[in-house]
Amino acid sequence: MWKNFIEKVLQSASKCHQIHRSISMLSPGEDEDGLQVPDMSLFSPESDEISFSNESLDMSKMLSILDANSLVEDSNSAKVLGKNRGYYGVGLWVLASFINHSCDPNARRLHIGDHVLVHASRDIKAGEEITFPYFDVLLQLSNRKEMATNWGFRCNCKRCNFEENMCSKQEMREIEVGSERGFDVGGVVYRLEEGMRRWMVRGKGKGYLRASFWAPYSKIFESQNLMKRWGRRIPAMEAVVESVVDAVGSDERVLKVLMEGLKRSGGGGVGDMERAMKLGRGVYGKVMKKQALRTLLEQCNQEQS
Ligand SMILES: C[S@@+](CC[C@H](N)C(=O)[O-])C[C@H]1O[C@@H](n2cnc3c(N)ncnc32)[C@H](O)[C@@H]1O
């Protein structure tokens, strides 16, 4: 699929000046300091006239650009999954290509047919850079660093910097190793919560670390036995979910744990549902996808008529 995709894009770029020009504006994944901010008019529908290109393509630049900017129909980007994976779909969306990665993202993307919608996953301040995750951010710092390194960059977001400081603590490293082994998830969560209390980690910092150790937290919340065994020594699921969503935005996996927990505890009343809807406001499921697709199609029809 990757090969077909590359061939199609190169063919379109060699035929159409507009396509060639807009792809050439994208980052080849390195030496970004020399890149110019493109004029927004390049992306306006008026500049969409087809004009034939007779410029020859700089193949190696084009390939680097496609490598650094192509997305797959998944939360991961093509570069993270590897070119030889059987994707369900892979594409290049020029405007979305200007969005950088952050482990503390404020947006998500949703693929609908051939369209990609980028939507806020939490409140965004005026002037704040829009970022979405290129890879799973519910992972601990060392794993995220590895993925960013594979991509060819170092994430310098608020969360990574905060965790970099925390991870210099010997105890934190032990918690990381415990989490990687995956045997004693209760012990990992208990040690982390105790550590955060002693190190006086509050607010977003707590959410960042809980997001990084989401795997052990979710294993406990999904198991009645573990919940019984650890009881009050670990925080309530609702409090953990709330802090994770507040720190890194909504995620289907976090909401799933919340909904299943509410069902088990006999919750799920109107108040619970309202809270769950509020926490899940950055996640759109199949129904929303269908509605968005319908709206897109209606708009396309209106433009054509
Ligand atoms: C899809 S482009 C993103 C937009 C690009 N930065 C630009 O200015 O056009 C992907 C490339 O951006 C850079 N990048 C993305 N997120 C980054 C981050 N958090 N820190 C540093 N570089 C990043 C990497 O070089 C990556 O290969």
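I begin with what an axis is here: a line fitted to C-alpha atoms, for helices over the stretch in contact, with angles running from 0 to 180 degrees between N-to-C directions. The model I am reading is a predicted one.

**Entry: α7 and α8**

I looked up how helix α7, residues 170–181, packs with helix α8, residues 185–198, and found an angle of about 160 degrees with the axes 9 Å apart. Angles over 145 degrees count as roughly antiparallel, and α7 and α8 are therefore roughly antiparallel to each other. I also noted that their crossing is left-handed. On the α7 side I listed E171, M172, I175, G178 and S179, which meet G187, V188, R191, L192 and G195 of α8. Sorted by class, the residues of this contact are four nonpolar, four polar and two charged.

**Entry: α9 and α12**

Next I turned to helix α9, residues 203–212, and helix α12, residues 237–248, whose axes are 8 Å apart and whose packing angle is about 100 degrees. Since the range from 65 to 115 degrees counts as roughly perpendicular, α9 and α12 are described as roughly perpendicular to each other. The contact is made by K204, K206, G207, Y208, R210 and A211 from α9, together with V240, S243, V244, D246, A247 and V248 from α12. I recorded six nonpolar, two polar and four charged residues in the contact of α9 with α12.

**Entry: α13 and α14**

For helix α13, residues 252–264, and helix α14, residues 270–279, I read an angle of about 175 degrees and axes 11 Å apart, and the two are therefore roughly antiparallel to each other. Here L255, L258, M259 and L262 in α13 meet D272, A276 and L279 in α14. By class I noted six nonpolar residues, no polar ones and one charged residue in this contact.

**Entry: the ligand**

Which residues come nearest to the ligand? Of the 17 residues around the ligand, I found that S27, G29, N100, H101 and F153 come nearest. The shell divides into seven nonpolar, nine polar and one charged residues.

Methods:
Residues are numbered from 1 along each chain as its sequence is written. This is a predicted model: local features need pLDDT of at least 70, side-chain atom pairs count only at pLDDT 80 or more; totals for chains, interfaces and linings use all residues. A residue is near a molecule or strand if its C-beta atom, placed from the backbone, lies within 6 Å of it. Ala, Val, Leu, Ile, Met, Phe, Trp, Tyr, Cys and Pro count as nonpolar, Asp, Glu, Lys and Arg as charged, and the others, Gly among them, as polar. Helices (H or I, at least four residues) and strands (E, at least two) are DSSP runs, numbered from the N terminus. Angles under 35 degrees count as roughly parallel, over 145 as roughly antiparallel, 65 to 115 as roughly perpendicular and the rest as oblique. A crossing is left-handed if the near helix is turned anticlockwise from the far one by less than a right angle, and right-handed if clockwise. Two residues are in contact if their C-beta atoms, placed from the backbone, lie within 7 Å.
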